[in-house]
Amino acid sequence: QVQLVESGGGLVQPGGSLRLSCAASGSFVVINPMGWYRQAPGKQRELVAGITNGGITNYADSVKGRFTITRDNAKNTVALQMNSLKPEDTAVYYCNARALVVYGRWNDYWGQGTQVTVSS
């Protein structure tokens with residue numbers, strides 16, 4: 001099993017910054033890729049950013065230039081630096097990872113979510 005634990009959410013004013021972190025633990029061979037999703041009330045969960053072991057990143061158009069995703073492969077952690085936050089960024093943010101639990105079996109795992117609220 002793989003467990004993902006997020007941290008760093010909170011309340012911030014528009015234009016402010018937050019840094020989300022996610023740590024993976026459990027039994028697995030490798031995790032690749034890792035990423036962040038978010039879900040606002042009444043809306044579908046959407047991909048915010050993803051990153052492969054090789055450092056290839058992918059961002060939602062709405063966050064390009066403002067958010068930066070990084071990961072530490074050795075520590076199996078991923079972080080999301082969020083700058084210039086807007087009220088529309090308000091959502092529950094979920095850490096996501098695809099893990100090779102046993103050879104030949106890849107599964108998707110989700111953290112419990114951390115609330116990010118951008119409001120004045």
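Start with the pair β1 and β3. Six bridges join β1 to β3, residues 18-26, and the two run antiparallel. As one example of who faces whom, V2 stands opposite G26 in β3. Keep in mind that this is a predicted model.

Now the sheet that this pair belongs to. Strands of a sheet pair through backbone hydrogen bonds, and the pairing can be parallel or antiparallel. Here we have four strands in an open sheet, ordered β1-β3-β8-β7, with antiparallel pairing. Which strands are at the edges? They are β1, residues 2-7, and β7, residues 67-72, each of which pairs on one side only. On average, neighbouring strands in this sheet are turned by 15 degrees against each other, if direction is ignored.

On to the empty space. Rolling a probe the size of a water molecule over the atoms shows where such space is left. In this model the largest pocket holds about 180 Å³. Its lining counts 14 residues, and those closest to the pocket centre are P33, M34, Y37, G50 and N96.

Where does the lining come from? At least two residues each are supplied by β4 (30-39), β5 (46-51), β6 (57-59) and β9 (91-102). The largest share is that of β4, with four residues.

I will take questions now.

Notes
Residues numbered from 1 in each chain as written. Predicted model: local features only at pLDDT ≥ 70, side-chain atom pairs only at ≥ 80, totals over all residues. Heavy atoms only, no water. 1 Å grid on protein atoms, 1.4 Å probe; cavity = no way out; pocket = protein on both sides within 12 Å on 5 of 7 lines; lining within 4 Å. Points joined across faces, edges and corners; volume = space filled by probe spheres on them. Pairing = 2+ DSSP bridges. Axes fitted to C-alpha atoms, helices over the stretch in contact; angles between N-to-C directions.
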